[in-house]
Structures are given as structure tokens and as C-alpha cells.
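Welcome, and thanks for taking a look at this one with me. Here are a few points to follow as you turn the model around.

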Amino acid sequence: MCKFGENFSITASIPMMQGKKVIAVIPARYASTRFPGKPLVDIGGKSMIQRTFERVSAVVGWHRIIIATDDVRVQQAALAFGAEVCMTREDHVSGTDRCAEVMEKLGEPVDYVVNIQGDEPFIEPAQLTELAAGFATNAPILTLIKRVEDENTLFSINTPKVVINELGHALYFSRQTIPFLRGVAQEDWLAHHPFYKHIGLYAYRADTLRELSLLKPSALELAESLEQLRWLEKGYVIQTIQTEYETIGIDSPADLEKIKKMGFLGA
């Protein structure tokens, strides 16, 4: 079930969301393999999950903002700063599945569900506004991409890349650099072709989210360890939206130390 913090309120849908009824879900697992207790780690006097929640709350127009967790410690912390919290199953393998469970538990019709990972305490509210602009298309799945600007990112297998068609629909995602530029020296690739990296922020149309939660892992997904390939293999359209904003996710204690050195904790 979902519980509400003291400052919780439900708002009406407004034009910022293109006339759609949209809920934001922030999945937050306590038992991270690389960073146990990550949602509650202190970042400049606030927990990671609180900072993420506040960034999402800076965007006007959500019908509800819900923190989805399987741990009572995260639940209690979120209720304390006024969030709505929904307890979900422990066996979910992805944030998408957790979002689907939250939607079903709400038991009310919505148009879109936006998945914002709980380890994005510095997400730009403008990115969420950019994503919301896509609701007018009624696309089944929306996500953000950003043009690659440096070679380290271009050739890093830790940064998924994406190729798109003329309509902005994703054709394929890969940890390898795609497309391959035949006959061009690698140091010249950025000058010869636009490459895009994937920003892992998703919006799902409600009917599509229900369907995605029923799909089994696919061959390409298992090969690349990229969930979105399962959807492409099943024929779903993923509409991409270009952003100019970087994301600063925190996957490990080392990432947090880098963030501190970069001076992002002034607010």
C-alpha cells in the first residue's frame, strides 16, 4: 500500500504535462550490491532520496510523485520529509517492473508514468520538462538522449549509445560505439557523424507499462544487459528526445566522492 507524508497533496493535471495525468515514480532499493544503503546516504546534509525527490518536485504538474521501495528504512525516511511512499516487492529486477506495481496499486487511471531513478540527486528539472513535452505525441515509450561530445564517452562500454531514425525513434542501443564508421580513423569519428548516448530516464504510456511488465528477458537484452532492447525486440516504439543536460548518477561510493570534489553540494 501507499502511505503519505505530512506535506503530501494531490494536484490537478496542468498544461506543463500536455494535458495528461502523469505520475512520477522514484524507485529506491536499499540493498544495492555496489552501494548498500545508497538511498539514505548523506549528501550535503540531505539523503540521496530526498535530494532526488526535491528535484522532481521542482517540476510543476505531476498528479503524484511516489517513492517506490522495498525497505522500511527508506519508507520511514521518505515519509519524514513529506513524500508519498509505496512499498513494493523485493524481487523486481528493474525499475520498470517496480513502476508497474505502483501503477496497479494506485488503482486509478493515469496517462503516463515517469521513471526517475532514486540515485539521480542532481537531475535537472528541465530534463523532466523536456520529457513531458513528448506526451503530446502519445508515444508508448519516451526517453532522453544527448549528443556525445568527447571520445571517452564515445568509446566507453559503460555508456550506452543509441542510433535513431529520422523520426527520432530508437533503432538500437549498445554499449559498443554505434554506428561503426568504416574508413574513418577513430579519433575523427566525432567530426564525421553525430553520436548519441542514452539518458536513462523513461516515460511509459500506462497501457504500455502494463504490457512491458509481462515481457520475459530477451536475447539482445541479456547480451548487452540493456533492458530497453527487450522492448525493441518485441516491436515497441521508443521515442527519443534530445537534451543538452548531463546526468550525474551515483552508482558507488567512488562516484559520490567524485561528486563532492566537483562541487555539486553547494545547495
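This is a predicted model: local features need pLDDT of at least 70, side-chain atom pairs count only at pLDDT 80 or more; totals for chains, interfaces and linings use all residues.

1. At 29% relative accessibility, Phe 155 counts as partly exposed, because buried would require a value under 20%. Trp 189, at 2%, counts as buried.

2. Phe 155 and Trp 189 make a tilted aromatic pair, 5.7 Å centre to centre with 50° between the planes. The pair links distant parts of the chain, 34 residues apart: Phe 155 sits in the loop between helix H5 (151-154) and strand S9 (161-164), and Trp 189 in helix H6 (residues 189-192). Together with Phe 180 and Phe 195, they form one aromatic cluster.

3. How many aromatic pairs does the structure hold? There are eight. One of them is stacked: Tyr 112 with Phe 135, at 4.5 Å centre to centre and 25° between the planes. Tyr 112 belongs to strand S7 (residues 112-115), while Phe 135 lies in the loop between helix H4 (125-133) and strand S8 (141-147). Tyr 112 is buried at 0% relative accessible area, and Phe 135 is buried at 1%.

4. Now please look at helix H2 (residues 72-80), whose buried residues are Val 74, Gln 75 and Ala 78. Seen down the axis, the buried residues of H2 fall within an arc of 100°, so they line one face of the helix.

5. Both ends of H2 deserve a glance. At its start, a side-chain oxygen of Asp 71 comes within 2.8 Å of the backbone nitrogen of Arg 73. Arg 73 also lies over the face of Tyr 30, 3.7 Å from the ring centre. Following H2 is Gly 82, with a positive phi near 95°.

Notes:
Residues are numbered from 1 along each chain as its sequence is written. Side-chain values use heavy atoms; hydrogens and water are left out. Buried means under 20% relative accessible area, exposed over 50%, partly exposed in between (1.4 Å probe, protein chains only). Helices (H or I, at least four residues) and strands (E, at least two) are DSSP runs, numbered from the N terminus. The arc is that of the directions from the helix axis to the C-beta atoms. A polar contact is a pair of N or O atoms within 3.5 Å; within protein, one must be able to donate a hydrogen and the other to accept it, and residues adjacent in sequence count only if both atoms are side-chain atoms. Rings of Phe, Tyr and Trp (its six-membered ring) pair if their centres lie within 6.5 Å; planes under 30 degrees apart count as stacked, over 60 as edge-to-face and the rest as tilted. A charge sits over a ring if NZ of Lys or CZ of Arg is within 6 Å of the ring centre and within 35 degrees of the ring normal.
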